[in-house]
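I wanted to look through the strands, a helix pair and the chain contact, one entry at a time.

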Amino acid sequence: MNPTRTTDVVVIGGGQAGLAMSQCLTSRSIDHVVLERGDTANSWRTERWDSLRLLTPNWLARLPGWSYQGDDPDGYMSAVEVATYLDAYRISIGTPIRTGVEVTRITSSGGRHVVETDDGPWSARAVVVATGACSNPHVPSIAADMPDHIEHVTPIGYRNPSQLGEGGVLVVGASASGLQIADELGRSGLDVTLAVGDHVRLPRMYRGMDIHWWMDAVGQLDERYDEVDDLDRARRLPSLQLIGSPERRDLDLTTVAANGVALAGRLVGRNGQSAQFSGSFANMCTSADLKERRLLDRLDEYATSHGLDAELSEATRPAPTGSVPPLLEADLRSIDTIVWATGFRPTYPWLDSQLLDHKGRLVHDGGVLPVPGLYALGLPFMRRRKSSFLDGVGPDATELADHLVSYLAHSIARSHT
Amino acid sequence: MTINETPLVTDETNGVPTAKLFGTIAKMKDNGDLAAFRFSAKNEWIEGTASASTIHEWFGAGADHLHVEEFRFAADHPTLGHGHGPTPQEYVLHALAACITAGIATGAAARGIELTKVSSTATADIDVRGVLGIDAEVRKGFSEVRVDFDVQADAEPDVIDALIASATKYSAVFDMLTSPTVVQVRRASR
């Protein structure tokens, strides 16, 4: 076993968050190491389906000291392109990264943190947990009630339609992942049922501009964690019903239904051979339509107050979600696969359980953990709405790096008195 | 355990004690045990198809409570009964409308919106061949329920729509009607 190595900061995770933090630490002359379980941008390489593209346009991929320089700023990177983009970033900033290193335990005492790994321990004065928001798919307990013949797939294990058999598929969850997968499976000719709960609907383009251009312009992505009414709810918000496609098409319940996907309410139970769905579908759609309308109103107000109305195309509003009677039951004998697109819940088996709340979530205030010297980065709405986006982790990394530098300076001062 | 009278409150918006509402939510976030409530109704057969329920005791926020009085509700059959009360199904419609209305009142109060009117009509369709055992393929319960709200308030129509949608989403009775619930019915041991 390797002897304990010492550094100022250990960053766990070599994705966008870990690299952004590394850049911030290097530019502040802080000695550090990035530990990555796989290769740089591991999730983007190994845990994304083949057709996946970013929901945000290429220009909206700014990282500290790095931005998109390619010839398609309005396009949407594929997962492999994101990995390549991050790899180039890593090389440009000279990140001290150790790949293929699995963290097994972090213990903290007397201002030092020991990070145990399968490659020996590290001792550091600060640790940044940057393991990502989308590595551990959450599968609800109802999955255990499903009949034995059913195959269970999560967005991390899903690659493409040819991986599934010819039988029917139930996709549970109508956020970006669920809707994109249901859409792709439906187009491939499979019988697909989509169980729809709470969802957030938005058009890809509005008045000739990408929806993320708008959200960036009006400052919606910059809303801070200490400014929103219900942070807990904001952090749990499902991802937007969007797809990054070359033709910039819309993806919503109406478009997937037009491709033959049968819509159902939220999956709520099993009764014999039937999957049961909630009758709340209509109310879910009404809520999503309303929220979409209110956001678009806000965008129109911004356009008018900034004198942009002449430059932008006319405001045409998406039609309300159609009132196709949703399914309340589906015969499980005709379903061979269930795709659980029911969100992600990061897990931290290597952290002291006292750092987690009763639901296993990291307890933190804008990324600052209650134990001095411990930080987290890249979680949903960590410090701002865009915290878990490629473009959003930079400002958070900068603020946390400042906090960390000041912590290191003070703890040195203390240890010398 | 103690028996408490439900306290009367005065600091209100739309008659909703907002400070108490937020205080209760905060307390339950910290202590999940306080969120365990239990309700019960005691029912007594009258004659024919008629019976009446009395509702008085309830448990919640860690203690037993009593409503300000024992409320009594009689129900009967529309064609076979002798008019002791509306049908049990209509009580379900009342429960749904009342539950969503309470959510609209609290939701509006929480957002500082003054309500001047909230009225609604809950309507349900039912094919009684199901309950009469004429056709096993016909569902016994409602095939569809609609609730139409008329809400007057110092707010834009979109805001009112959002109040209604949110009150519906967080309504216990709406959830009970739209999602399955385990129900155990048995003879009580004497």
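Which residue in β5(B) is the bridge partner of B:Ser53? I looked it up, and the partner is B:Phe73.

**Ground rules.** I am working with a predicted model, where local features need pLDDT of at least 70 and side-chain atom pairs count only at pLDDT 80 or more, while totals for chains, interfaces and linings use all residues. Residues are numbered from 1 along each chain as its sequence is written, and chains are lettered from A and ligands numbered from 1 in the order in which they are written. My helices (H or I, at least four residues) and strands (E, at least two) are DSSP runs, numbered from the N terminus. I call two strands paired if DSSP finds at least two bridges between them.

**Strands, chain B.** I began with β4(B) and strand β5 (residues 63-75), which pair in the antiparallel sense over nine bridges. They form a hairpin with two residues between them, and B:Ala61 in that turn has a positive phi of about 55 degrees.

Next I took strand β3 (residues 42-47), which pairs with β4(B) in the antiparallel sense over five bridges. Here B:Glu47 has B:Ala50 as its bridge partner. This is a hairpin with two residues between the strands, and B:Gly48 in the turn has a positive phi of about 55 degrees.

Then I checked strand β2 (residues 38-39), which is antiparallel to β4 (residues 50-60) over two bridges. B:Phe39 is bridged to B:Trp58.

**Helix pair, chain B.** I found helix α2 (residues 88-110) packing on α3(B) at an angle of about 120 degrees, with the axes 8 Å apart. That makes α2(B) oblique to α3(B); angles under 35 degrees count as roughly parallel, over 145 as roughly antiparallel, 65 to 115 as roughly perpendicular and the rest as oblique. For the axes, I used lines fitted to C-alpha atoms over the stretch in contact, with angles from 0 to 180 degrees between N-to-C directions. Residues in this contact include B:Gly103 and B:Gly107 of α2(B), and B:Leu163 and B:Ala167 of α3(B).

**Chain contact.** I noted 10 residues of chain B in contact with 13 residues of chain A (C-beta atoms, placed from the backbone, within 7 Å). On the chain B side, α3 (157-169) and α4 (172-178) each supply at least two residues. The most comes from α3(B), with six residues.

Terms used
Two residues are in contact if their C-beta atoms, placed from the backbone, lie within 7 Å.
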